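Morning, everyone. Please have the sequence and the 3D view open while I talk.

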Amino acid sequence: MSAITAKVQSCNKTLKSLAGSSWGKDKETLLATYKAIGRPVLNYAAAIWSPGCSDTQNKKLQTCQNTALRTITGCLLMSPIEHLHSEARMLPVKEHNELLSKQFLLGCFRRNHPCSRLLVAEPPPRNIKRSFLDYVDDIRQYADQTSDATNFRQALTAIHSGAINTFTDSLSVNGVIRVKPPPIADTELELPRESRVTLAQLRSGYCSRLNSYLSRIDPDIPNTCPACNESPHDTNHLFACPTNPTHLTPLSLWSDPVETARFLGLPLDDLDDNESRIYHPNGD
């Protein structure tokens with residue numbers, strides 16, 4: 001386990017060299033990089049070893065992925081883990097390894113699969129740890145779809161979709177909008193990394209430009225709006241501040257990120273280096 005975490009930590013250093021909170025590659029490029037060099041380390045031969053992992057071991061692996069997702073999204077350390085995976089549209093390590101184990105097990109039902117004999121083998125005298133065979137009941141409904149390649153691919157897709165839907169349904173409500181977070185509009189792709197990072201932080205409720213966050217780090221900073229002196233100075237207040245009225249709402253952070261970035265005074269392209277007109281702690 002220590003070898004796996006060491007390799008992923010090394011990959012995380014590569015991600016940090018590619019982007020910061022206000023510069024570097026976009027989220028999609030960083031995510032593709034992590035999926036190419038980082039996550040495969042956590043998934044390699046997952047069907048063999050991951051079913052028997054303890055909660056402590058899974059937590060160590062998940063910590064490595066959390067670090068990567070914070071770099072990718074630019075979110076702060078206080079940001080909820082669920083928010084990181086929602087922003088990146090990724091499964092946690094344990095759930096993803098379970099998905100891969102179930103897909104591998106489904107492949108064992110194919111006649112020419114080298115591990116098909118395991119399905120009819122006698123159980124060992126001491127069945128101490130879980131194995132991928134323990135997922136038989138979960139994928140049995142697809143067992144008769146392995147006879148031809150087309151049906152087999154459809155069954156693999158169904159298992160994948162089931163894992164995604166199960167995780168999505170398990171997400172708790174977002175702390176800002178008090179409902180489960182919707183998908184982020186594709187128009188956010190038009191924005192530079194600096195603005196996208198700020199929007200991701202605001203969606204989490206923890207942003208370095210909010211006094212509600214800064215006051216938790218430095219007690220001398222009051223949790224009040226620098227413009228109207230109302231408290232708390234959190235994400236929701238930005239859309240309700242009487243000194244800067246708007247038709248936008250906190251949900252606009254997801255549904256209309258470009259217009260929201262314009263309202264918040266964030267750069268709209270890489271050549272726009274305008275400073276934020278709302279967030280400065282001193283109101284300058």
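This is a predicted model: local features need pLDDT of at least 70, side-chain atom pairs count only at pLDDT 80 or more; totals for chains, interfaces and linings use all residues.

Rolling a probe the size of a water molecule over the atoms shows where empty space is left.

The largest pocket holds about 760 Å³ of space. Which residues sit closest to its centre? They are Ser 86, Glu 87, Ala 88, Arg 89 and Met 90, out of 29 residues in the lining. By type, the lining of the largest pocket has 15 nonpolar, 5 polar and 9 charged residues.

Now the second largest pocket. Its volume is about 360 Å³. Here 24 residues make up the lining. Closest to the centre are Asn 174, Gly 175, Val 176, Ser 204 and Gly 205. Which elements supply at least two residues each? Those are α6, α10 (193-204), α11 (211-217) and α12 (235-238). The largest share is from α6, with 4 residues. As for residue types, the second largest pocket is lined by 8 nonpolar, 10 polar and 6 charged residues.

Next, the helix pair. Find α1, residues 2-18, and then α2. Their axes come within 10 Å and cross at roughly 160°. Are the two helices roughly parallel or roughly antiparallel? Angles over 145 degrees count as roughly antiparallel, so α1 is roughly antiparallel to α2. The crossing of α1 and α2 is right-handed.

Who makes the contact? From α1, look for Cys 11, Asn 12, Thr 14, Leu 15 and Leu 18. From α2, look for Leu 30, Thr 33, Tyr 34 and Ile 37. That contact between α1 and α2 has 6 nonpolar residues, 3 polar ones and no charged ones.

Last, the backbone. Go to the loop between α11 and α12, where you will find Pro 232. A cis peptide bond joins Ser 231 to Pro 232, with omega about 0°.

Then go to Ala 45. This residue is in the loop between α3 (39-43) and α4 (46-49). What is phi here? For Ala 45, phi is near 55°, a positive value in a residue other than glycine.

That's my tour. Questions, please.

Definitions and conventions: Residues are numbered from 1 along each chain as its sequence is written. Side-chain values use heavy atoms; hydrogens and water are left out. On a 1 Å grid over the protein atoms alone, a cavity is a set of points where a 1.4 Å probe fits but cannot get out, and a pocket is an open set with protein on both sides within 12 Å along at least five of seven lines; lining residues have an atom within 4 Å of a point. Grid points are joined across faces, edges and corners, and a volume is the space filled by probe spheres set on the points. Ala, Val, Leu, Ile, Met, Phe, Trp, Tyr, Cys and Pro count as nonpolar, Asp, Glu, Lys and Arg as charged, and the others, Gly among them, as polar. Axes are lines fitted to C-alpha atoms, for helices over the stretch in contact, and angles run from 0 to 180 degrees between N-to-C directions. Angles under 35 degrees count as roughly parallel, over 145 as roughly antiparallel, 65 to 115 as roughly perpendicular and the rest as oblique. A crossing is left-handed if the near helix is turned anticlockwise from the far one by less than a right angle, and right-handed if clockwise. Contact means heavy atoms within 4.5 Å.
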